[in-house]
Amino acid sequence: MAPANLLVIGMAGSGKTTFMQRLNSHLHAKKNPPYVINLDPAVLKVPYGCNIDIRDSVNYHKVMDHYNLGPNGAIVTSLNLFSTKIDQIVQLLDKRAENYNHVIIDTPGQIECFIWSASGSIITQALASAFPTIIVYLIDTPRTTSPSTFMSNMLYACSILYKTKLPMIIVFNKCDIKDYEFAKEWMTDFEAFQASMSSDQHNSSEGGDSGYMNSLINSMSLMLEEFYSQLDVVGVSSYTGKGFDEFLDIVDDKVKEYNDVYKAEQERILKQREQDEADRKVKNLSKLVKDLGIKDQNASTSRKKEDDYDGVNVLSDFEDDDDEEEEQEEDTINAPQREYTYEDERFEQIKQQAQQAKEDSTLEKITQYINKSN
Ligand SMILES: Nc1nc2c(ncn2[C@@H]2O[C@H](COP(=O)(O)OP(=O)(O)OP(=O)(O)O)[C@@H](O)[C@H]2O)c(=O)[nH]1
Ligand SMILES: [Mg+2]
């Protein structure tokens, strides 16, 4: 059976790395050791044994130095560099699939560097298309006791669900400090949440008790109610190990859910992407044809009659066209006016390039080839 990939995501300091450490030791104790991956290039020490560590392939500090980047830019660039190897990672996981039931993956604290970057999507999609992949969204419970922070955190989780389209488990971490009962109540009792929210608004000096805020909160909490219906929630303590058995039971349910619902959706997305890619190629080819000045068969035949047409149209052939003005007009509607600093010089340059293109036999051959294949 394919192992479940658990992508541990959460705000900075929510306890992802400590959660990974506890989950790792918990699974080891159950004689069901996981395959462990660290995707946080900036972490100094990892308190668990890794099978794959991004820091082995990318040196975060060198990336910062070499590309002259700040901390977040360097994380994104490191992930970009790493994502070029993702097919090898998937192959490796595939090879080890028989030996593991869980693959647990730590991510950088700068959540947006992973979720909103191209590389984050590539990594997530590559994993999700090969194995059941579940988002484990970690919440720092003691820091989420205010209703507005709670709602912001939930909206963030909702946006991640929307972006990744993968099954999600909300994990309230650090339950040894603060129990997550309050969150459970807010997630199931809409009125209790609204009451807490309005008393919070009333007490806070910033928010005020405006009608606008109230109606915004009402609509957002209604939207969240729908979101909660898709979720599984569990409270854990990465310090004491409380709640980890329950968490693993939920993981099993989510794997089923992935196979029943998300797999088909993932396959549909993949097919759609392939179709889009094919469409894009066709579009690019026709753009190339247009750029080379090749018109459709009918137009070229009529043109052939008009002048001594040599069979191949290149850009310079159309320089004096009457309809050139029309085309230019169309262009100005569709695209903003490009501003050239040295317009005359540039025009001369383009003319020369076009002339050269006409003489270039290789280009002519390409055009003829495209003409034939059309
Ligand atoms: N009391 C308590 N503290 C915890 C728990 N889990 C993590 N912490 C503490 O929370 C702090 C942050 O933990 P990390 O595991 O480094 O958090 P992280 O999300 O990996 O942090 P970044 O990778 O920097 O975003 C540390 O001081 C941990 O000791 C927990 O279950 N209970
Ligand atoms: Mg960490």
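How are α4 and α7 oriented to each other? They are oblique to each other. The legends below show this pair and its surroundings in a predicted model.

**Figure 1. The whole chain is built from helices and strands.** The secondary structure comprises 16 helices and seven strands. The chain has 374 residues, and 40% of them count as buried. Its exposed surface comes to about 21,700 Å². Carbon and sulfur atoms supply 49% of that surface. Now take contacts between residues at least 6 apart in sequence. Of these, 74% join residues at least 24 apart.

**Figure 2. Helix α4 packs against helix α7.** Two numbers matter in views like this one: packed helices are described by the angle between their axes and the distance between the axes. Helix α4 covers residues 71-83. Its axis lies 8 Å from that of α7, and the angle is about 40°. Angles under 35 degrees would count as roughly parallel, so α4 and α7 are oblique instead. Their crossing is left-handed.

**Figure 3. Side by side, the residues of α4 and α7 meet.** From α4 come Val76, Leu79, Asn80, Phe82 and Ser83. From α7 come Ser119, Ile122 and Ile123. Sort the residues of this contact by type: five are nonpolar, three are polar and none is charged.

**Figure 4. Threonine 84 sits in the loop between α4 and α5.** Helix α5 spans residues 86-96. Is threonine 84 buried or exposed? Its relative accessibility is 57%, so threonine 84 counts as exposed; the cut-off for exposed is over 50%. Look next at serine 119, which is 35 residues away along the chain. The C-alpha atoms of threonine 84 and serine 119 are separated by 8.4 Å.

Figure 5. The crossing of α7 and α12 is left-handed.

**Figure 6. Residues of α7 and α12 make the contact.** Helix α7 contributes Gln125, Ala128 and Ser129. Helix α12 contributes Tyr258, Gln266, Leu270 and Arg273. What types of residue make up the contact of α7 with α12? Three are nonpolar, three are polar and one is charged.

Key:
Residues are numbered from 1 along each chain as its sequence is written. Chains are lettered from A and ligands numbered from 1 in the order in which they are written. This is a predicted model: local features need pLDDT of at least 70, side-chain atom pairs count only at pLDDT 80 or more; totals for chains, interfaces and linings use all residues. Side-chain values use heavy atoms; hydrogens and water are left out. A crossing is left-handed if the near helix is turned anticlockwise from the far one by less than a right angle, and right-handed if clockwise. Helices (H or I, at least four residues) and strands (E, at least two) are DSSP runs, numbered from the N terminus. Contact means heavy atoms within 4.5 Å. Ala, Val, Leu, Ile, Met, Phe, Trp, Tyr, Cys and Pro count as nonpolar, Asp, Glu, Lys and Arg as charged, and the others, Gly among them, as polar. Buried means under 20% relative accessible area, exposed over 50%, partly exposed in between (1.4 Å probe, protein chains only). Accessible areas come from the Shrake-Rupley method with a 1.4 Å probe; for residues, only the protein chains shown count as cover. Axes are lines fitted to C-alpha atoms, for helices over the stretch in contact, and angles run from 0 to 180 degrees between N-to-C directions. Angles under 35 degrees count as roughly parallel, over 145 as roughly antiparallel, 65 to 115 as roughly perpendicular and the rest as oblique.
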